[in-house]
Amino acid sequence: MNIRSQFPILDQKIYNKPLVYFDNAATTQKPKSVIDALCNYYLTLNSNIHRGTHHLAAEATDRYEQTRRAVQSFIGARHSHEIVFTRGTTESINLVASSFGNRFLHQGDEVIVSAMEHHSNIVPWQLSCERHGATLRVIPFNDDGVLDIEAFKTLLNDKTRIVAVNHVSNTLGTINPIAEIINISHQAGVPVLIDGAQAISHMAVDVQQLGCDFYCFSGHKMYGPMGVGVLYGREELLEEMPPYQGGGEMIKDVTFEKTTYNELPFKFEAGTPSVGDVLGLHAAIDFMNATGIETIASIEAELTQYATESLQTIENLRIYGTAPQKTSVISFLIGESHPYDVGTLLDKFGIAVRTGHHCTQPIMDRFGIPGTVRASFAVYNTKEEIDALTAALQRIAPMLA
Ligand code: PMP
């Protein structure tokens, strides 16, 4: 089936021009199958899970748990109870920073992140470090947006309790050498959390092969619904970590004297989850499997190369993030113009890009810029759309000079 025709939202005009959607790193569009899964859930299945004896509750529970197994197989986890449903990457990281921190972080300890993290892989660690008297250490990156692995090795020491880095930078597109980072960390006995928000829709991820201890991602960046995400955690660590939130579902027995907790993964799933969104995530995984991750990766690689070459024909355009290993993200500035002005003008051509610091202010500080314009591509984008972007920028650039 034609890929693009599965995304009804793309077939519309903005200011009487065909919509060109290049804001995929913020959120991807959803195929009809995902939208149908959401509708069907509310049309035929809506019910609270795990607690009911009636048919709808049993069926909804079944489908919810089937999705857990689909996620397990999608990322190659050893056990389905190592898959915890959350609201998204942000909540997954907060869960680990809080719960792992409560169990393992003490006065004088250290946590390592990189200078190219999204704020959601910085601030939760800052909060946890503050609470426990620990210190955040930061891996620097070079002008191309490549992490300095030698510097990382010198940061790692016997006070390091965890390393938290992204698989792919949402601003620079850099694919980080996480297998190497995991290896180096494990040799020092330090667990590693990977923020996979920007990797999961672009490449095959196998958590056992990588050997990571935690892997986090969001449904909405992989053609799935908003409001659902995943925390993969290695069983041994999840078992040792205390609950993140208290409430229904996460308990075994409650008395006023003492409460005992449910087994994995339910210990970390307090309250009613977003069941419909979880089922929508299953449809998104089915879409990605049916399309094929190799097909997705090769279409996006071709688009990225074509766009990089096309954009370089624009006078005074500078690309930020020129690592040899990149996904389909291009951050740029034109001359001295403000990214917001470029984004606003592009919008008038029906072209959706993101502008600003992309929740990565430390990257902007590193380059001494206020923000960038970011075009990011997904499997349904086309070279004709990139031509439209290039043509629009050619019109805009003289206005900004
Ligand atoms: N990490 C990275 C690298 C991201 O790109 C994003 C989303 N922009 C997040 C974390 C946070 O994801 P969410 O907002 O879906 O929780």
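Trainee: How far is an oxygen atom of the ligand from a polar backbone atom of Thr89?
Mentor: Happy to start there, and keep in mind that this is a predicted model. A polar contact needs a pair of N or O atoms within 3.5 Å. For the ligand oxygen and the polar backbone atom of Thr89, the distance is 3.4 Å.

Trainee: What share of the ligand's exposed area does the protein bury?
Mentor: Picture the ligand taken alone, where it exposes 390 Å². Of that area, the protein buries 85%.

Trainee: Which residue has a side-chain N or O atom 2.8 Å from a nitrogen atom of the ligand?
Mentor: Good one! The side chain of Gln198 places an N or O atom 2.7 Å from the ligand, but the ligand atom there is an oxygen. The side chain with an N or O atom 2.8 Å from a ligand nitrogen belongs to Lys221.

Trainee: How many residues in the shell around the ligand are polar?
Mentor: The residues around the ligand include Thr90, His118, Ser120, Asn170 and Asp195. By class, the shell has one nonpolar and two charged residues, and its polar residues number eight.

Trainee: Which pocket does the ligand take up?
Mentor: Look at the space that the ligand takes. Among the pockets, that space is the largest.

Trainee: How many disulfides does the count come to?
Mentor: A disulfide needs two cysteine sulfur atoms within 2.5 Å. Cys129 is buried, and its sulfur is too far for a bond because the closest cysteine sulfur, in Cys216, is 16 Å away. Cys212 is buried as well, with a relative accessible area of 1%, and its sulfur is 9.0 Å from the closest one, in Cys216, too far for a bond. The count of disulfides comes to zero.

Note on methods. Residues are numbered from 1 along each chain as its sequence is written. This is a predicted model: local features need pLDDT of at least 70, side-chain atom pairs count only at pLDDT 80 or more; totals for chains, interfaces and linings use all residues. Side-chain values use heavy atoms; hydrogens and water are left out. A residue is near a molecule or strand if one of its heavy atoms lies within 4 Å of it. A polar contact is a pair of N or O atoms within 3.5 Å; within protein, one must be able to donate a hydrogen and the other to accept it, and residues adjacent in sequence count only if both atoms are side-chain atoms. Accessible areas come from the Shrake-Rupley method with a 1.4 Å probe; for residues, only the protein chains shown count as cover. On a 1 Å grid over the protein atoms alone, a cavity is a set of points where a 1.4 Å probe fits but cannot get out, and a pocket is an open set with protein on both sides within 12 Å along at least five of seven lines; lining residues have an atom within 4 Å of a point. A molecule sits in a cavity or pocket if more than half of its atoms lie within 2 Å of its grid points. Ala, Val, Leu, Ile, Met, Phe, Trp, Tyr, Cys and Pro count as nonpolar, Asp, Glu, Lys and Arg as charged, and the others, Gly among them, as polar. Buried means under 20% relative accessible area, exposed over 50%, partly exposed in between (1.4 Å probe, protein chains only).
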